[in-house]
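Look at the sequence and the structure first, then read the points below.

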Amino acid sequence: MEWQKLYKEKCMSVEKAIQFIHSNDRVALGQAVGVPLAITDAMVAHKEDYENVEIIQMVSMGNAKFSEPGTEGHFKLNSLFVGAQSKPAVKEGRGDFTPCSFSEIPNYLTELHPVDVVILQVSPPDKHGYVSCGVSVDYTLPAARAAKTVIAQVNKNMPRTLGDTTLHVSEITAFVEIDHPVLELALPKIGEVEKAIGEHCAELIKDGDTLQLGIGAIPDAVLLFLKEKKDLGIHSEMISDGVVELIESGVITNARKNLHPGKSVVTFLMGTKRLYDYVDDNPSLAMYPVDYVNNPYVVGQNDNLVSINSCVQVDLMGQVASESVGYTQISGIGGQVDFVQGARISKGGRSIIAIGSTAAKGKISKIVPLLDEGAAVTTSRTQVDYIVTEYGIAHLRGKTLKERAKALIQIAHPDFQDGLKAEYEKRFHCRYE
Ligand code: COA
């Protein structure tokens with residue numbers, strides 16, 4: 001059958017499309033700015049039709065109505081990365097969290113515990129009948145390829161991204177055409193602390209390096225100090241607007257990359273309309289599923305790969321807690337461990353954990369003798385490489401316990417250094433000098 005006819009037959013109202021979801025189903029949702037809110041909102045409005053539907057999602061954006069009070073018994077959230085929208089449900093017991101690296105999520109959804117339904121947002125079909133997953137390829141595309149039922153919101157504002165991002169209309173069960181602007185992420189405020197951290201990180205980046213950057217003020221501050229570098233490359237789970245600026249100014253050329261030369265490689269995007277316009281139909285950007293992009297062995301094929309991520313606490317041995325404050329899950333593993341491992345495999349690779357030295361307006365040191373009770377170790381002391389704060393750089397890899405503790409104390413906030421030195425003397429039975 002001609003794809004146009006098939007597409008027309010599969011286009012329906014959102015009320016009809018959600019009838020493909022059944023009680024006791026496991027349902028994976030598109031994530032971050034690719035969330036299919038028009039469909040999930042309709043599902044929640046008809047919650048009485050569903051019992052015990054498991055909702056699996058990485059970053060919930062816009063809303064997570066399916067996890068709000070009153071949805072108990074109808075939906076249960078299984079969050080793969082806790083954020084502002086999903087934190088209350090996980091904290092208050094309506095939801096749960098599955099610890100997993102981003103690279104492993106496609107396997108989790110397709111082999112380990114296969115999902116029944118995938119709900120996602122896509123671009124309109126091209127002339128050959130292929131829709132693009134646009135801003136969010138990650139686990140969404142592989143899960144959709146494997147699931148029995150796929151429900152897609154077709155949004156004409158969703159950019160068509162290139163690489164491996166498409167599904168044919170024949171692979172999708174139901175289409176709902178609803179247009180709205182793709183969700184945007186406000187640009188972060190970069191203060192003096194972030195600038196100092198960015199400057200130190202930039203000292204560790206050389207011409208020709210390939211970068212992975214997380215999201216937020218620190219990665220954006222790093223970009224500010226890269227303007228004089230040459231031929232940088234991108235192999236990152238995501239990028240935001242700051243990277244576009246460096247591509248347009250000729251700093252990021254991807255020219256020296258030994259894997260996918262000439263292309264920035266990512267698995268999802270979060271930013272403003274400027275970013276979404278830039279990536280639309282742009283062959284200099286290649287998006288692939290996350291089990292490829294974040295696979296440490298793929299990451300490691302890039303020579304001189306530098307990863308930059310952040311955390312909540314680092315203890316004096318170099319154990320990095322990035323996802324919980326004590327027992328409270330505030331975030332997820334995401335791609336941190338994937339890229340720390342990948343940077344280790346990469347010839348000339350380096351991984352950086354970049355943090356402000358304090359939290360809670362200066363009242364708490366992020367460099368601590370012991371992690372808070374209940375905190376999960378995200379990057380272990382055997383994987384850690386560089387820690388950077390606004391006070392400098394601590395290179396921990398290959399260092400003894402005493403050397404690590406000293407290097408970390410030197411980049412702690414001055415208000416906390418005496419306490420950390422006293423801890424050093426107690427722990428190692430020798431003077432700190
Ligand atoms: N003690 C108590 N609270 C702390 C804390 C500490 N040591 N460190 C941070 N917090 C609190 C902050 O006050 C803030 O609270 P609020 O939300 O109530 O304001 C919250 O935890 C988040 O901290 P903040 O420093 O604002 O976060 P961030 O936006 O810089 O992100 C991480 C930091 C660690 C949460 C984030 O980088 C992350 O999720 N990392 C793990 C995943 C990852 O690396 N992915 C790869 C790239 S996407």
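The sulfur of Cys 201 lies 12 Å from the closest cysteine sulfur, which belongs to Cys 311, and this is too far for a bond. The model is predicted, so local features need pLDDT of at least 70 and side-chain atom pairs count only at pLDDT 80 or more, while totals for chains, interfaces and linings use all residues. Residues are numbered from 1 along each chain as its sequence is written, and side-chain values use heavy atoms, with hydrogens and water left out.

**Cysteines**

- A disulfide is a covalent bond between the sulfur atoms of two cysteines.
- Here a disulfide is counted when a pair of cysteine sulfur atoms lies within 2.5 Å.
- The search of the whole structure finds 0 disulfides.
- For Cys 133, the closest cysteine sulfur is in Cys 11, at 16 Å, which is too far for a bond.
- Cys 201 has a relative accessible area of 0% and is therefore buried; buried means under 20% relative accessible area, exposed means over 50%, and partly exposed is in between (1.4 Å probe, protein chains only).
- Cys 133 also counts as buried, at 2% relative accessibility.

**Helices α7 and α8**

- Helices (H or I, at least four residues) and strands (E, at least two) are DSSP runs, numbered from the N terminus.
- Helix α7 covers residues 192-203 and helix α8 covers residues 217-224; their axes come within 7 Å and cross at roughly 60°.
- Axes are lines fitted to C-alpha atoms, for helices over the stretch in contact, and angles run from 0 to 180 degrees between N-to-C directions.
- The two helices α7 and α8 are therefore oblique to each other; angles under 35 degrees count as roughly parallel, over 145 as roughly antiparallel, 65 to 115 as roughly perpendicular, and the rest as oblique.
- The crossing of α7 and α8 is right-handed, a label used if the near helix is turned clockwise from the far one by less than a right angle, and left-handed is used if it is turned anticlockwise.
- On the α7 side, Glu 194, Lys 195, Ile 197, Gly 198 and Cys 201 meet Ala 217, Ile 218, Ala 221 and Val 222 of α8; contact means heavy atoms within 4.5 Å.
- By class, this contact of α7 with α8 has 6 nonpolar, 1 polar and 2 charged residues.
- Ala, Val, Leu, Ile, Met, Phe, Trp, Tyr, Cys and Pro count as nonpolar, Asp, Glu, Lys and Arg as charged, and the others, Gly among them, as polar.

**Helices α14 and α15**

- The axes of helix α14 (residues 401-410) and helix α15 (residues 414-428) come within 10 Å and cross at roughly 170°.
- That angle makes α14 roughly antiparallel to α15.
- From α14, the contact uses Leu 401, Lys 402, Ala 405, Lys 406, Ile 409 and Gln 410, and from α15 it uses Gln 417, Leu 420, Lys 421, Tyr 424 and Phe 428.
- The contact of α14 with α15 divides into 6 nonpolar, 2 polar and 3 charged residues.

- In helix α3 (residues 37-45), 7 of the 9 residues are buried, so the helix is largely enclosed by the rest of the structure.
- Those buried residues are Leu 37, Ala 38, Ile 39, Thr 40, Ala 42, Met 43 and Val 44.
- Ala 32 sits in the loop between β1 (26-29) and α3, and Ala 32 is buried at a relative accessible area of 0%.

**Positive phi angles**

- Most residues other than glycine have a negative phi, and most peptide bonds are trans.
- Ala 32 is not a glycine, yet its phi is positive, at about 50°.
- His 260 also has a positive phi, near 50°, and is a residue other than glycine.
- His 260 is placed in the loop between α9 (241-248) and β13 (264-266).

**Residues in and around helix α10**

- Asp 277 is found in helix α10 (residues 273-279) and counts as partly exposed at 46% relative accessibility.
- Asp 277 and Arg 160 are 117 residues apart in sequence, and their C-alpha atoms are 9.7 Å apart in space.
- Val 279 lies in helix α10 and counts as buried at 0% relative accessibility.
- Leaving aside neighbours within four places in sequence, Val 279 is in contact with Pro 159, Arg 160, Thr 161, Leu 269 and Leu 285.
- Val 244, in helix α9, is in contact with Arg 274, Leu 275 and Tyr 278, again leaving aside neighbours within four places in sequence.
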